[in-house]
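The stops below go from the whole chain to single residues.

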Amino acid sequence: MDLFRVLNLDELSHGLAGLSMFPYFDTAHYTVSVMALREQPGALEVARRSPFACWFSSMLYCFGGGILSGLMMAEAPIAPLSNSINVLMASVIWYLVFYCPQDMVYSCTALFPVRLVLTGMKEVTRTWKVLGGVAEAHSKYKDGLLVMIAIGWAKGAGGGLISNFEQLVRGVWKPETNELLKMTYPTKITLIGAVLFALQQTQYLAIQKHHLMLLYTVFTVVNKTSMTLTGSSSSPFAPIESVVHRTFFAGPSPSFTSETKTSVVKKGTGESLNRAAVPETSKAPGSSSKTAEHNRGKGSPKKDKVQSESTETESCKKSD
């Protein structure tokens, strides 16, 4: 792109594309991942009770993307663990974060400036993971755009996508935390990156790969850093997501549906009551008059007795 040459960013993008993730960026990725596991509720109790379960959960946090993408590509899911150096590095970091005397390592890495730097370095590795997944899928499925997006997404955010399985390792079952039900920011930004790199790989997006790598990396690092500085956990895409959801996926309102059902039920009940009241009011026309005449013709016994007594009194007075 001419804009990159004008801004003298072409060399920077080439340098970023040739940057090696090992050992510094990988170390930052493992450290932030293990720290995220330690900060989960009940993780310290699991570490004391079952160190192996804690270690296995840490490996899922560190290599979850490679494991999930391997399963989706019908490859050995343990292939990411075949690199002994990376596994050893992740294991050493796991031990120091959980079991270091006086908790010195976790206390140092939890300092805000150190955590900020480590978080930014971890976001750099996200670009390489997503790009690696898309390139791996493209090598087998040349025209499989959806396959490229799925593999890139899995490799970049696999640790979050398999979080329910990782929780089972620690004896926790929370299906409501499924990433597909409620996506977190890392899962969303990884999906966006997978779409962009897949479009670039299939030449639907007219941009060079190293330029897209620079733009995506800067965007993710700046966003994550600003979220860490402000202490915000909300996604910067929330306003756009809200508008899109209300426009295309809202559907009928639950309150409107319940009100409609209530009015239908009330209407049906009123009609049934009216039908039940019709036979009582629609009697024969002469039945009411006949009943009234019968009641008039048939006097009350008590009234007749009073009238007879008064007649006898009047007759006695006359006789007197």
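**Whole chain**

In this predicted model, 73% of the protein chain's contacts with a separation of 6 or more are between residues 24 or more positions apart. Colour by secondary structure: the protein chain has 16 helices and 0 strands. Of the 320 residues in the protein chain, 34% are buried.

**Largest nonpolar core**

Select W128, V134 and F197. Within the largest nonpolar core, which has 28 residues, these three touch the most other members. Now show the helices α8 (112–140), α9 (145–161), α11 (185–201) and α12 (209–230), the elements that each give two or more residues to this core. The largest share comes from α8, with 6 residues.

Centre on F197 and display its surroundings. Leaving aside residues up to four places away in sequence, F197 touches T127, V130, L131 and V134, and also L212, M213 and Y216.

**Second core**

Move to Y30, V87, V97 and F98. They are among the 23 residues of a second, separate core.

**T228**

Last, select T228, in helix α12. Is T228 buried or exposed? Its relative accessibility is 17%, and because the cut-off for buried is under 20%, T228 counts as buried. Show the contacts of T228: with residues up to four places away in sequence not counted, T228 touches F112, L116 and T119.

Conventions: Residues are numbered from 1 along each chain as its sequence is written. This is a predicted model: local features need pLDDT of at least 70, side-chain atom pairs count only at pLDDT 80 or more; totals for chains, interfaces and linings use all residues. Side-chain values use heavy atoms; hydrogens and water are left out. A nonpolar core is a set of buried Ala, Val, Leu, Ile, Met, Phe, Trp, Tyr and Cys residues joined through side-chain atoms within 4.5 Å. Buried means under 20% relative accessible area, exposed over 50%, partly exposed in between (1.4 Å probe, protein chains only). Helices (H or I, at least four residues) and strands (E, at least two) are DSSP runs, numbered from the N terminus. Contact means heavy atoms within 4.5 Å.
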